[in-house]
Amino acid sequence: MLSMNDPAVGMIPFDSIGLYEQPKPRFIFKMPRVVPDQKAKFESDELFRRLSRESEVRYTGYRDRPQEERQIRFQNGCREGHTEVAFVATGTNMQLVFTPSTNGYHLPGNRDCDFDKEHGKVHIRSHFIMNGVCVRWRGWVDLERLDGVGCLEFDEDKAIIEDSMLRDQIERYNQRLRDFEEKQRAYRGQQDTHDLELRLGGGGGGGVTQTGGQGRCHQRLGVSLQGTLPSHGY
């Protein structure tokens, strides 16, 4: 006899499928990256309205280090394609990622991080999605003071791409849902037909059995009566 501690006894998982149980499809709908109407949210949301106005920004990296070291780290981070800034008025922190320079040197065609546009400053542009809206951070930071001016802009080009991806995602989900409902209807139809055949077959078999039983009962009764009748052969 096997016990629960015997290694031969396996545990049944919670999502196991029985012998005659139909498998349950799993619909995995990823959280959309953007909202349906990005431009309307960007124009109506209070946070976006405040951040869309040019205001003071500051570099927030390595606050516990000396100013000279922070300046070097800020420039190195920009050449690598990332930096950290915050809007002073709202305290909103931004992790900016943009096209890095090649081999640590600025490329003339790179408009995301430009050290040559204005002496002593670096102009930065970073594209990202914030609260379901495609936006673009645009501004500049002084290389010595590590502060500057920046704002958020609605990134219409990226929004068009994300909207198309969102529609495709919703359409694929709806198509899977329609396929599942169609399979469910077909399965229920087969089950109803099978149940009806079982009921019809079971009713007919019962009638035949009952009739046969009555015939055998009459036959036994006739034999019994015949055995009790008096004989007139004497």
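Guide: This is a predicted model. In H3, the buried residues are Arg70, Gln71, Phe74, Gly77 and Cys78. They span an arc of only 135 degrees around the axis, which places them on the same side of H3.

Visitor: What do the buried residues of H3 pack against?
Guide: Their packing partners are strands S1 (55-59), S2 (82-87), S4 (113-114), S5 (121-130) and S6 (133-142).

Visitor: And which exposed residues are on the face turned away?
Guide: Glu68, Ile72 and Glu80.

Visitor: What span should the 14 residues of H3 have?
Guide: At 1.5 Å a residue, helix H3 (residues 67-80) should span 20 Å, and its end C-alpha atoms are 20 Å apart, so the two agree. Just after H3, glycine 81 has a positive phi of about 100 degrees.

Visitor: Salt bridges now. How many does the structure hold?
Guide: There are 13. One of them joins glutamate 69 to arginine 73, at 2.9 Å from N to O. Both residues lie in H3, 4 residues apart, about one turn of the helix.

Visitor: Which salt bridge does arginine 136 form with a glutamate?
Guide: Its partner is glutamate 153, with the closest N and O atoms 3.0 Å apart. Arginine 136 is in strand S6 and glutamate 153 in strand S7 (residues 147-154), so the pair ties together parts 17 residues apart in sequence. Shared partners link Glu54, Arg136, Arg138, Glu153 and Asp155 into one salt-bridge network.

Visitor: Where does pLDDT stay under 50?
Guide: Residues 1-20 are one such stretch. Where pLDDT is low, the predicted coordinates should not be read in detail.

Conventions. Residues are numbered from 1 along each chain as its sequence is written. This is a predicted model: local features need pLDDT of at least 70, side-chain atom pairs count only at pLDDT 80 or more; totals for chains, interfaces and linings use all residues. Side-chain values use heavy atoms; hydrogens and water are left out. Helices (H or I, at least four residues) and strands (E, at least two) are DSSP runs, numbered from the N terminus. The expected span of a helix is 1.5 Å times one less than its number of residues. Buried means under 20% relative accessible area, exposed over 50%, partly exposed in between (1.4 Å probe, protein chains only). The arc is that of the directions from the helix axis to the C-beta atoms. Contact means heavy atoms within 4.5 Å. pLDDT is the predictor's confidence in each residue, from 0 to 100. A salt bridge is a side-chain nitrogen of Lys or Arg within 4 Å of a carboxyl oxygen of Asp or Glu.
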